[in-house]
Every structure is written in C-alpha cells, then in structure tokens.
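Open the model in your viewer and get the selection tool ready.

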Amino acid sequence: MTNASQNSRIHPVILSGGAGVRLWPMSREQYPKQFLPLCSERSMLQDTANRVSDAGRFADPLIVCNQEHRFVIAEQMRQAGRGAARIVLEPVGRNTAPAAAVAALIVAEQDPDGQILLLPADHAIQDQGSFLQAIATASAAASSGLLTTFGIVPTAPETGYGYIRRGDAVDGHDGAFRVAAFVEKPPREQAERYLAEKNFFWNSGMFLLPVRQYLAELERWAPAVLDACRAALARGRSDLDFFRLDEEAFAASPNISIDYAVMERTEAAAVVPCSIGWTDVGAWSALWEIGEKDQGGNVCHGDAVAWDSRDCYVRSEDGALVALLGMENAVVVATEDAILVAAKDRAQDIKPLVEHLKTQGRSEPLLHRRVHRPWGFYQSLHAGDRFQVKRLTVAPGARLSLQKHYHRAEHWVVVNGTALVTRGDEQILLRENESVYIPLGAPHRLENPGKVPLNLIEVQSGSYLGEDDIVRFDDHYGRS
C-alpha cells in the first residue's frame, strides 16, 4: 500500500452526466435536474460547487460533463462566482469509472500525491459541518492509500439504494472501516434487516480516492478503462474554455461504474459512515422527504395550495395556481408546458412514462419551452400555420452565430436593451421599440453590445421552422 503525503490536496471532481428523468417535468434531457434550483435558490450544481469552496481545504473543482451541457455549466459556475480548474467534455456517457479515471490522470500531472473527491452534481446534503468532517476522516484514510467511499447511516429501510456492509475498523483512522461487501438494492424485508443490524449503510456514490492508488487499482482490475481514458486525453483538444475528450478513444472504454470496476474487487476499499442529511434526489418523493412541511405534512413550492390534503408534494413553476383538495400522498408538479399528477409511492416509476412520451415523438421529455444557449436563451411564445413567435434574451457582450435560413424569414423587435444586427453587408443598431426584417436566405447575426440583457421578440414565417434550418458561417462558440 502506498503512502501519500499528509499534505495532499483534495481536488473536487463534479460529475454532471445524469438526465434526472424521474424528476420530469422539471428535469428534461437537455436541461436536467442538476441545473435546477430544486433544494435551494441555487441550482444543484451550484450547491455542489459551494460545498467545496473553502480554498484552504480544496483545489478548484474539475467538472466532467456531457458535452451538450458545457455552456450551461460554465455560465452557472460564473454566476456562482466559482472558477473551475477544467471542464472536461464527455462525447458519450461511460459511467463513473472512466470519468474518475480521466480526472485522476489530469490531477496526476500536477499533483501525483493528491486526492480526488468525486461528487455527483445532483445530490443534496443538508449538514455541511458533518459533510466536511466526513471528508477529513476519508482524506486521512486515503493518505494511507485506501480508496474511501461515504456510507450514509440509513434512516429507513430504503429499497432504492445499494448498501455497503462495513468490516473491521481501519487501524489509526477513527471513523473509517474496511468494506466487507457492496450489496445491490435489496427487497423490503432485507432492507429492514439491514436497518436493524446497524452495520449496513446506503451507498452514496461519493468517493475520496488517492490518485496514485486509484490509477494502480484501475490498471490491475480494469485496464481497458485506463487505456481508453489515456488515449482520449492524449488525442483530446482544447475547445474555448473546455477540454474535449477524443470521441473514438473514449467510446472504446467499457461503460462501467467505479463500484464494479474497482471498489468491489480491491482490497483497499474503506467506508466512512456519516449522517450528513444526504439524498440523491432520485424522485419527487425524495424532495418531499427533505422539504419543509405544513401541519398536514404537505410540501408546497411556488403558487401552490394543499387544502384538506395530507403528505403531498405540490409545485408550481409556471406562475399558475395549483390547488389540491382532499388528496393524500400525491405528487403534483406544474410547469409551463406539462403537468405531472402521480401517487407519491409511484414516484420512482416516472421513467417509463417519459420513455412512452418519447416514443410518441413529443418534445416535452427533451426540452423546456425556455431553451438555453451559450448566448442566453430563447422561449417559444406562440406557434401557428407557417409562423411562430419567440422571445430571445441575449446576455451582455454575447452574440449569435453568423447564419442563414433556407426556409424562413425573421422579424426582430427590440423590447429593451441594444441590438447590433448584421444583415448581409449592413450593420444596424437597434434600440427599444425598433425593428428589423431578415429576408429568407440572408446572412445575418444578432449581437448585444450593451451592458444589460437584450430582450427582443422574434417572429418567424416560412414553410419550415425547425431549429435545424440553420447554416452557420461563423460561430463564437465553436458550434457547427
């Protein structure tokens, strides 16, 4: 077993690859739950980054994410006032073992005796003090070469989590134990037995790993993962403020979790049991569990009322009043374009419903009406035969690509802010209540040269109004 320096730095690695399907209709494939303010006024990604913001304890976080989410992540980190050591883009999803391998290889270049703290971006932790204490305990164990995971002291016979059975205490490291076994999600009767025995803990999916040891164990137990990740880094390239892994090399990695690849095989696995107010926010029922309840046990967010109802979760995100009467153990979530009504004990079963909607060709599983782009966002307001109306909000200093459309013309009306419009060889400066017409086929670009957001109304008209009718000539964000 290797011995790392007691002064090893902890490098947070935030994993942001999930789709959060079970939190539909708020969570969508192109804007999943980690980007939403579900547990506080900040997004779950921002909350995760803030938990490791103490520069005395942690290095700047490294983020491994779906390449389609790169601009959202960069903007949310900017809004949170947090810099990222690097944002690494996965061209395809390959689970946690390859993501951790990429992070470990990157950290090893600058801090080979360092430790990586793997944190999913979509978990909630309510007790920050206990969380930091658990990290300190895990870091001390990791300094002796142990691969540590965090076991959550169970509060109920939960059947939706995997479990960890602890073994003997680790000599010289109070609060750390050898891992005796990893256990798959159990049936109810078995989960009740685990709760009574008090030596089983929920598998949190968070890890603190010494870089040298993790790479060595990966070389031993899952060399194909390590080889693929080395190649993906070597053939990867910088892209604006991001690092893009090579697609062919990364896709060659087995799609495997850290648990299966290493932790269930290594003799160096340790667990730190902790009570930190943790949940993976895997369903609406989890948000009910941690939410502030009224006298009837109801959790209400937004313009929502639960009258003569018990133990319900009610959320309104579109400004419309949602009122419940005589309901028990229900989940009601209303967004601008979709409403979910479900029995709370069926909250884990939303994924098949969403898959059914996708087979029908519906857009609601994929997109909100407000669609985020690197320059800001657009929001559909109305659509009809051969026309649609959108709101565009462009951030200060941002600009859309220089582009043209084969099938539609556009009319832009500035609501507030200042717009600089390129139309063919012209440049036109527009202010509030001024407008411009973009003919079909004309090269054009929209910019915000001001210091406040630009809001305008876009009216599209033509035979085809799909977002794929875009020919880009130049794009500041490297999109094709």
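This is a predicted model: local features need pLDDT of at least 70, side-chain atom pairs count only at pLDDT 80 or more; totals for chains, interfaces and linings use all residues.

Residues are numbered from 1 along each chain, and side-chain values use heavy atoms, without hydrogens or water.

Stop 1: Select Y31, E75, Q79, H372 and G376. Of the 46 lining residues, these are the closest to the centre of the second largest pocket. About 1300 Å³ of space lies there. A pocket is an open set of 1 Å grid points where a 1.4 Å probe fits, with protein on both sides within 12 Å along at least five of seven lines; lining residues have an atom within 4 Å of a point.

**Stop 2: the lining.** Which element gives the largest share of the lining? Select α2 (70-79): α2 supplies seven residues. Helices here are DSSP runs of H or I with at least four residues, and strands are E runs of at least two. β20 (370-373), β21 (376-384) and β22 (387-394) each supply at least two lining residues.

Stop 3: Select β21 and β22. They run antiparallel, joined by eight bridges; strands pair if DSSP finds at least two. S380 has K390 in β22 as its bridge partner. Between the strands sit two residues, and R386 takes a positive phi near 70°.

**Stop 4: the other partner.** R391 is bridged to I457 in β29. Is β22 mostly covered or mostly open? Six of its eight residues are buried, meaning under 20% relative accessible area.

Terms used:
Grid points are joined across faces, edges and corners, and a volume is the space filled by probe spheres set on the points. Buried means under 20% relative accessible area, exposed over 50%, partly exposed in between (1.4 Å probe, protein chains only).
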